[in-house]
Structures are given as structure tokens and as C-alpha cells.
Amino acid sequence: MDPVQAQYEAFPYPARDPAEEAGRLIQGSPSHPVEIDHFLFAGRRDWSTPFRVLVAGGGTGDALVMLAQTLHDLRCPAEITYLDLSRASRAIAEARIAARGLSGIRFLTADLAEAPGLGPFDYIDCCGVLHHLPEPDAGFAALAAALAPEGGMGLMVYAPHGRTGVYALQAAFGALFGADPPETRAELAETALTALPETNWLKRNPFVGDHVSGGRAGLYDLLLHSRDRAYTIDALLAALGRAGLAPAQGGRAARPLAAVLEPARYEPVAYLPDTPEIHDRVAALSPEEAAAVAEHLAGNVKSHVVYAVHAAAAAGRIAAPGPEAVPHLTGAAPRALAGEIARRGALRLTRDGLAHSLAIPKAAAPLVALADGRQSLGAIARAAGRDWLAFAADWAGVDRALTGFNLLHYSRQARR
């Protein structure tokens, strides 16, 4: 048996208990319908029409459950296919779906290479899979072949710098315990971790401990994986290009890599002195080069998430803040967020140990308070007593700050 398949048979990941489905719905990026609409369908998708979805490498079902439940709540006639090599992982995913009383999902135990024969799909979720394949480029190509011409996909792959310490221990533990069966490897690794010196880079990196604290499944996935390749952002963009894919694009005023989440973290000026000499040199870089520089400077990016499409159909996919756009905030209630903006003229947040301050004009606070996910921007402008031009000037600061950290999306029909 392939060693990666054997790992997930022994330690399905992430560890999930179907009994917990009654108390919570795990949500994240990519693949929430609001995000899918924003990044791939310009915020205008009609969710009453059929929607074909592939969850490629679905594991224990986080993306599957989120998609199935949210599409069900939207009353979308969705056809969802789950694909994974691990029977143990599939059993957990099926039990979670059953616990929610959801149906209509096709479960397949098969290789990702079989995806083209199952499509075409309007949307593909593939998170934490491509970097574990023996030939990742073949995986990118298979997904591209399974994607409908106007469809899109949400991908996640690991990044190297934020996972500093992980790959050194993978090498050490592979040499020490690689011949042992999975259960023994996990036991030995747990013991070894207790004696690591203070100079070990994993001990100096506090931002990957969630795997280790997640039990043996998390520990195995992080430190005992037999096949784990990390991608710098430029390497990921190149891999997409070889498969005929590209990040979705917005209009002329949008960030060049707006579909790479969170795009503000891929801007070098966030990590450099604010001087003309620096700005001139950053401006001379291509978007791909600039993103790579930012990743090297920040040092804390653990993974890359991107919404990708066929390269020939990349233009105009991301929603823009027009009068008919319906804004949805993520991570904070509108009034609470508005209060923070009114007090500070900024929003403060932390990503993987690094603090960011997002400047937002105080005049925009009452507008943010009205962004309840139901009213359009035009309706918010009218409710605030502002003409569109005055509203748009204030909202532009909100849009740039919040979309830069994936906190604002536009969708006319999808709901959070």
C-alpha cells in the first residue's frame, strides 16, 4: 500500500467525531458559497440553479460537510462528489453527513487522477492534497481536466517559511522511524518530542503547534508524513500555469493576486520601510515576483490558499463593489466592527504572530454597521443619506482593507 494511503487509514486526518456535528459547523477558507460566489462568479451566481461540486481528497470531511450544509441551506440543487483514497477517512466523512441528515452525495474511494472522468464540475475543493502526491503536477492537470470551462476551484497547499522546523523533523523522524508501522512511529515520535533541545526550530516556531495538540493524527500529519512538499507562492503560481490554470482576476482596480488569500500579506510594502526608493523597486517587480518577495520577508506564511480558474477564463471573475453588490463581513459583527473603526480609524488584527493595522476612515463606520449581508451597497448608501460618489469614496477604504485579509466578500444570494 502507498505509504500516504497507509497513514490516513491508520490516522484519518483531521480527527473528527461525527457526534459533534449537532453542536457546530466547521467553516473556513476556501469553499464557503459566499467566497465561491465572490471569487469565481463576480458575486452574481444564481444558487437556485444546479451546481456540480468535487471535493478532491476530502479526508474526514471538513470541506464536504461545510459545502453540503451551506448549499442545502441555500436550497441549491447541488450534486457533490467526495473522492479520497482512505476508506477510514471516508467512513468518518459519511458518518458526519449522516449525522446532519444530509443526502445526495456520491462517495468514491479512488485516486485523484480519476477526477477527469467524473466531471465536469462547476467547483472543485482540493485542500491539503496536492503537496502529498507523488507527482503534484499530474494532480494539478487532473483537476484542470475535471473543471468545467467557466468553473473554478479552491486550493490549499503548504508553504515552507511558516512551517520552519517541520521539515527538519520530518527528515530526522523518517530516518529514525521510517521502517516502523504507523502506530509505533507515532509512539516513538511522541517520546522524541519530549526531549527536543531548545535550539530545535520547531520549538522556536509556535505557529504550527495546532497539529501536535490535535492528537496522534495531527502529529503524524505534521511530523511523520512520508511525502510532503511545500510551495513558495511563485512555485504554486508556476504549477497552476503548467496546468493551464491561473488565479481568478478582478477588474482593473483590483489587486493583481486578489484571489490568493490573504492578498495583503503578499505585498512587500507591508514589511519594508515606507520610502520612495523602496516603493520604486517594488513597483519594478511583477505581481508574482512581488508576492515571492513578501513571502520571504514575512517569514510566517504556513500555507497558500487560492481560487483558480482556467487561465483563458480568468478575467472579470472577482466581485467588485458596485451599487448592486451585497457585502458580507467575516469574523466580526457589523456593529462591533463599526465601533472599532469609529474609535480608532483602523482595524487591528494578528496573523501568525504578526500584527497588522488596517487604516479605515472613521466616516465609513456607519456604513460598515449597515453591512448585514442582506442590503446592497446602493441600499446602504441610501440608508446613510449619501449619494453614490460620496459613499463609494468612503467604502473604497473599507473594501481595500478588509478584502486584503479576506474579511469582506460580495454575493447577492449566498449567506453566511
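A: The account that follows takes a nonpolar core as its subject, and then turns to a strand and a helix that contribute to it.

The model is predicted, so local features need pLDDT of at least 70 and side-chain atom pairs count only at pLDDT 80 or more, whereas totals for chains, interfaces and linings use all residues. Residues are numbered from 1 along each chain as its sequence is written, and side-chain values use heavy atoms, leaving out hydrogens and water.

A nonpolar core is a set of buried Ala, Val, Leu, Ile, Met, Phe, Trp, Tyr and Cys residues joined through side-chain atoms within 4.5 Å. Buried means under 20% relative accessible area, exposed over 50%, and partly exposed in between, with a 1.4 Å probe and protein chains only. The largest such core comprises 39 residues, and I124, F140, L143, L155 and L240 have the most contacts inside it. Two or more residues come from each of β1 (51-56), β4 (121-127), α5 (136-146), β5 (147-158), α10 (233-242), α12 (287-298) and β8 (303-310). Helices (H or I, at least four residues) and strands (E, at least two) are DSSP runs, numbered from the N terminus. Neighbours within four places in sequence aside, L240 is in contact with F140, L155, L245, P247, V306 and A308, contact being heavy atoms within 4.5 Å. Another core, of 36 residues, lies apart from the largest one and includes L67, C76, I97 and Y307.

Strand β1 is mostly covered, with five of its six residues buried. Its pairing with β2 (residues 78-84) is parallel and runs over six bridges, and F51 stands opposite A78 in β2. From β1 the chain passes through helix α3 (residues 62-73) to β2 in a right-handed β-α-β crossover; right-handed means that, with the strands pointing away from the viewer, the path from the first strand over the helix to the second runs clockwise. β1 also pairs in the parallel sense with β4, over three bridges. Two strands pair if DSSP finds at least two bridges between them. In this second pairing L54 stands opposite I124 of β4, and I124 is one of the residues with the most contacts inside the largest core.

Helix α12 contains E288. This residue counts as partly exposed because its relative accessibility is 37%. Residues up to four places away in sequence not being counted, E288 touches D234 and L237. The C-alpha atoms of E288 and P12, 276 residues apart along the chain, are separated by 35 Å.
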